[in-house]
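Here is a short briefing to read alongside the fold.

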Amino acid sequence: VKYQFPDNFWWGSAASGPQTEGKFEGDGKGQNVMDYWYDIEPEKFFNNVGPDNASRFYQTYKEDIQLMKETGHNSYRHSIQWSRLIPNGVGEVNQAAVDYYNDLINEMIANGIEPFMNLYHFDMPMPFQEKGGWLNRETVEAYVVYAQTCFELFGDRVKKWFTHNEPIVPVEAGYLYQFHYPNEINLKHAIQVGYHEMLASAMAVKVYHELKLDGQIGIILNLTPSYPRDENNPEDVKASIIADAMFNRSFLDPSVKGTFPTELVDIVKELDMMPEIKEGDLEIIQHNTIDLLGINYYQPRRVKAKETPINHEHGPMPEDYFDNYEMPGRKMNPHRGWEIYEKGIYDILTNVRENYGNIPCFISENGMGVEGEEKFRNAEGIIEDDYRIEFVSEHLKYVHQAIEEGTNCLGYHMWTCMDNWSWTNAYKNRYGFISVNLDKNWERSIKNSGRWFKQVSDNNGF
Ligand code: BGP
């Protein structure tokens, strides 16, 4: 073994309730925003495949947990579906959901897989979406009640909790770049939504700590290191600092340090777009920082000083402050159109060590989306995804280096365990260690990468 990882390193993968369980309203689940959007605009979803066609984990989790074992998982992240547990968002708790989550958690533990539970993965209960979703302060209050319900029901066994997955995504997707409902372009709304998500997170952290449940609570952030076109050009560097403040530090700073970056606050004030902040909010954010940081890393952001004219059509936008830079020669994933830059993971981990008090952290998502993966299935029916093995091992080398240099990184979770449904992309990009054959009744089979990962986990390195 050349790259040996620390003892008790977390090897596993991540997924979410909405992407794996499916809609299955039969068991008392309420409607969430994705279910609703699919009902009204199915054509927005790749091949018209919606959330009711997720990978059926709700029915097959027992068998799926065996496959997790066979692929070396000692931990796995799932998310509780708010609208499954509390169908109207507030009020009555759905007993079928309590039974299901209890059984899921117990089954994982019995099989040596530590459950990591996330509370929010883009799945706003519809009764709250109708009132504006995260725009509305009432959602924050309801979310905190939901969080407390989860801690009280499952917190005796679940020791790793997360308040949100990628809170920047509802901001970007719903209110800036139009890839999730409600499809707006409205920076003022985007800022309010982000602020409320952050406040809700701090309030949930507070409740969790008050319950003294002997576990850790954190947040999962997709961090995209912002590299300037030219490090010696102060205008490029300034653009990269602003992009970093907007897309990374906007959640990273308040989550870990309890404060918002001044670069961002200055811009928001200048635009006269300060969110509604109630008395005492900022103290809550300041005093209720996280115990554990989950880092999702897929690709970096490359920026340069603004050169193109500002587009005023929709009012102010983040891109008024920088231009994206398509660096010549950068390595691209030909399938997903995302840059592959392995060293980015090291840069993030180093930044967390140097500038965020070396808070305990782990890689909570990293992975390679591939279209048309069926063509790599061999005669034995196994998908030969050696590109994924290379992708993961090249990233792991940098994780290893950061740990050697002192970063407190405790694990690596790939996105994802088994191919799953992904928002508007549905099943277009496959990410799993395990394939799901949609033409063969959702049949599962372990890919080459899953077999490889088992060895990595068994050897605690590679
Ligand atoms: C992350 C999300 C996941 C998943 C993944 C892959 O940002 O946390 O939920 O969607 O991206 O995304 P896609 O299938 O669009 O390539």
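Which residue in S7 does Ile-220 stand opposite? The residue across from Ile-220 is Gly-294. Please keep in mind that this is a predicted model.

**The barrel**
- Ile-220 and Gly-294 face each other where strand S5 (residues 216-222) pairs with strand S7 (residues 292-296).
- These two strands are parallel, and 5 bridges link them.
- Both belong to a closed barrel of 8 strands, which you can trace in the order S1-S2-S3-S4-S5-S7-S10-S12.
- The pairing in this barrel is parallel, and from one strand to the next the twist averages 25°.
- Helix H14 (residues 386-404) packs on this sheet, where it touches S10 and strand S12 (409-415).
- The direction of H14 makes about 165° with that of S12.

**The open sheet**
- A separate group to look for is an open sheet of 3 strands, in the order S6-S8-S9, with mixed pairing.
- Its edges are strand S6 (226-228) and strand S9 (323-324), each of which pairs on one side only.
- S6 runs parallel to strand S8 (residues 301-304), and 3 bridges join them.
- Within that pairing, Tyr-227 has Arg-302 in S8 as its bridge partner.
- Helix H10 (residues 234-256) packs on the sheet and touches both S6 and S8.
- Between the directions of H10 and S6 the angle is about 170°.

**The annotated residue**
- According to UniProt, in an unreviewed entry, Glu-365 carries the annotation "active site".
- You will find Glu-365 in strand S10 (residues 361-365), which is one of the barrel strands.
- Is Glu-365 buried or exposed? Glu-365 counts as buried because it has 23 C-beta neighbours inside 10 Å, and the cut-off for buried is 20 or more.
- Setting aside neighbours within four places in sequence, the contacts of Glu-365 are Ala-14, Asn-296, His-413 and Trp-415.

**Around the ligand**
- How many residues surround the ligand? There are 14, and the closest are Glu-166, Gly-369, Ser-422, Asn-425 and Asn-429.
- By residue class, this shell holds 9 polar, 3 charged and 2 nonpolar residues.

Methods. Residues are numbered from 1 along each chain as its sequence is written. This is a predicted model: local features need pLDDT of at least 70, side-chain atom pairs count only at pLDDT 80 or more; totals for chains, interfaces and linings use all residues. A residue is near a molecule or strand if its C-beta atom, placed from the backbone, lies within 6 Å of it. Ala, Val, Leu, Ile, Met, Phe, Trp, Tyr, Cys and Pro count as nonpolar, Asp, Glu, Lys and Arg as charged, and the others, Gly among them, as polar. Two strands pair if DSSP finds at least two bridges between them. Helices (H or I, at least four residues) and strands (E, at least two) are DSSP runs, numbered from the N terminus. Two residues are in contact if their C-beta atoms, placed from the backbone, lie within 7 Å. Axes are lines fitted to C-alpha atoms, for helices over the stretch in contact, and angles run from 0 to 180 degrees between N-to-C directions. UniProt positions are given in the numbering used here, feature names are shortened, and annotations may be inferred rather than shown by experiment. A residue is buried if 20 or more other C-beta atoms lie within 10 Å of its own, exposed if 12 or fewer, and partly exposed in between; C-beta atoms are placed from the backbone.
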